[in-house]
Amino acid sequence: MSGKPRLHYTNGRGKMESIRWLLAAAGVEFEEEFIETKEDLEKLRTDGVLMFQQVPMVEIDGMKMVQTRAILSYIAAKYNLYGKDLKERAWIDMYVEGTTDLMGMIMYLPFQPADTKEKNLALIIERATTRYFPVYEKALKDHGNDYLVGNKLSWADVHLLEAILMAEECKPDILSAFPLLQAFKGRTSNIPTIKKFLQPGSQRKPPTDKKFVAIVRKIFNI
Amino acid sequence: MPGKPKLHYFNGRGRMESIRWLLAAAGVEFEESFLETKDDLTKLQKDGSLMFQQVPMVEIDGMKMVQTRAILGYIAAKYNLYGKDLKERALIDMYVEAIIDLNELLMTHAFQPADKKEQHLATIVDKATNRYFPVYEKVLKDHGQDFLVGNRFSRADVQLLETLLMAEECKPDILAKFPLLQSFKARISNIPTIKKFLQPGSQRKAPLQEKDVPKLMKIFH
């Protein structure tokens with residue numbers, strides 16, 4: 001019954017990408033089943049395997065888990081990426097919520113109407129450089145450690161790296177005012193499990209393009 | 001330095017209400033500092049008290065915690081309302097994340113422009129009665145216990161009750177087809193800490209009135 005976790009989603013980043021990142025960082029091999037058509041989604045729904053009729057869904061440890069944050073928290077706790085106590089967990093949660101908000105903005109960008117894209121991109125860059133990145137830059141500066149929380153790799157570090165790389169896809173020099181984040185990026189990318197995930201041929205998905213947007217609109221009726 | 005948690009938000013439900021509910025359910029007394037004007041918010045931002053320049057912010061155990069989910073997770077774990085192990089926690093998280101999704105819909109109803117309100121209400125009722133409530137009804141039916149997870153009171157029960165009551169404010173008979181949710185509602189409402197919170201004079205906030213919306217927009221926009 002156990003085996004590798006099995007991810008159910010479309011063949012693209014979306015809300016599943018953070019889950020792929022975390023499993024990869026934890027060195028956990030996983031399988032993927034891709035939803036290609038509306039019928040694939042309908043079948044999952046009528047099979048009764050989607051608690052709230054939504055994906056992501058991850059089969060893991062005998063559960064059919066849904067809700068992105070629930071899945072991420074479970075993986076983080078299981079693989080010791082969630083701090084050593086309640087307080088470290090609180091800090092990790094706060095940091096992760098920030099990167100979730102930033103990545104959420106970036107995720108929806110390709111789905112916005114064409115005439116709002118420029119404005120939304122400008123907002124993303126503003127938020128990244130004035131609201132979010134300064135927080136993580138300061139955290140690293142204040143304690144001088146390699147990792148955000150507890151001097152140990154956690155979910156917060158993996159999530160931040162993912163957010164940094166996504167933000168750089170929006171604006172390649174977006175880290176120019178953040179030397180410690182640049183060093184963090186270099187360092188964290190070199191962690192063997194993460195380095196492997198960043199190589200071509202891994203299960204990491206490419207940025208969302210027009211073609212994928214069309215597929216998603218069709219499958220999810222949006 | 002320890003003392004009562006201190007909540008920073010405007011004098012209304014919004015994203016702080018679930019935190020008020022959980023503290024109250026856990027029997028934890030708390031203080032509140034209300035943002036009345038944009039200057040109040042700006043002051044907090046300039047003080048460096050708000051990690052991402054946003055509220056809710058809760059001063060608790062020497063931290064200035066932000067991000068609703070982080071705060072709720074901390075309170076739940078601290079007061080033993082988060083299940084007994086990883087798997088119970090996973091189940092609680094799944095239930096709670098969906099409740100939060102429904103809550104978002106309910107919360108934004110007051111802000112809908114007049115011409116979109118009716119459609120929005122229809123969406124709320126559709127999602128509540130077809131996507132969310134059936135799941136919790138089935139959970140209660142399948143195990144026959146009083147609480148959603150682990151036969152023990154948890155944050156999932158508190159957050160579900162909060163949402164059931166908010167949904168009933170939108171449509172009073174919205175639980176008509178869900179007998180187990182109706183008895184769940186009565187049962188959880190009678191837990192002493194929650195019963196107290198449901199009484200007039202508690203720190204529970206009233207639903208947002210349309211007349212309050214402009215003042216809110218001024219603070220946050």
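Reader: Which residues of chain B does UniProt list for "domain: GST N-terminal"?
Author: UniProt positions follow the numbering used here, with feature names shortened, and an annotation may be inferred rather than shown by experiment. For this feature of chain B the record, an unreviewed entry, lists residues 3-83.

Reader: What kind of model is this?
Author: Residues are numbered from 1 along each chain as its sequence is written, while chains are lettered from A and ligands numbered from 1 in the order in which they are written. Side-chain values use heavy atoms, without hydrogens and water; local features need pLDDT of at least 70, side-chain atom pairs count only at pLDDT 80 or more, totals for chains, interfaces and linings use all residues, and this is a predicted model.

Reader: How far apart are the end C-alpha atoms of residues 3-83 of chain B?
Author: Helices (H or I, at least four residues) and strands (E, at least two) are DSSP runs, numbered from the N terminus. On that basis residues 3-83 of chain B are 37% helix and 22% strand, and the distance between the end C-alpha atoms is 26 Å.

Reader: How far apart are the centres of the two domains of chain A?
Author: The bounds come from an automatic or database domain assignment. Domain 1 of chain A consists of 6-79 + 198-212, and domain 2 is 86-190. Taken over C-alpha atoms, the distance between their centres is 22 Å.

Reader: Which residue forms a salt bridge with A:Arg13?
Author: A salt bridge here is a side-chain nitrogen of Lys or Arg within 4 Å of a carboxyl oxygen of Asp or Glu. Two are counted between domain 1 of chain A and domain 2 of chain A. With 2.8 Å between the closest N and O atoms, the partner of A:Arg13 is A:Glu169.

Reader: How many residues of domain 2 of chain B are in contact with domain 1 of chain B?
Author: In chain B, domain 1 is 6-79 + 198-213 and domain 2 is 86-190, and their C-alpha centres lie 21 Å apart. Contact means heavy atoms within 4.5 Å. Domain 1 of chain B brings 19 residues to this contact, and the number from domain 2 of chain B is 19.

Reader: Which residue meets B:Glu104 in a salt bridge?
Author: The domains of chain B bury about 1600 Å² between them, 61% of it from carbon and sulfur atoms. B:Arg15, B:Trp21 and B:Arg69 supply 29% of the area on the domain 1 side, more than any other three residues. Five salt bridges cross this interface. At 2.4 Å from N to O, the side chain that meets B:Glu104 is that of B:Arg15.

Reader: Which three residues supply 23% of the area that chain B buries against chain A?
Author: Contact between the chains involves 29 residues of chain B and 32 residues of chain A. The chains bury about 2800 Å² between them, and carbon and sulfur atoms account for 68%. On the chain B side, the three residues that give more than any other three are B:Met51, B:Phe52 and B:Met94.

Reader: Which residue of chain B meets A:Arg69 in a salt bridge?
Author: The interface of chain B and chain A has two salt bridges. In the one with A:Arg69 the N to O distance is 3.9 Å, and the partner is B:Glu97.

Reader: Which element gives the largest share of the side of chain B that touches chain A?
Author: Strand E4 (63-66), H3, helix H4 (86-107) and helix H5 (117-143) of chain B each supply at least two residues of that side. With 10 residues, the largest share comes from H4(B).

Key
Buried area is the accessible area (1.4 Å probe) that two parts lose on being put together, summed over both.
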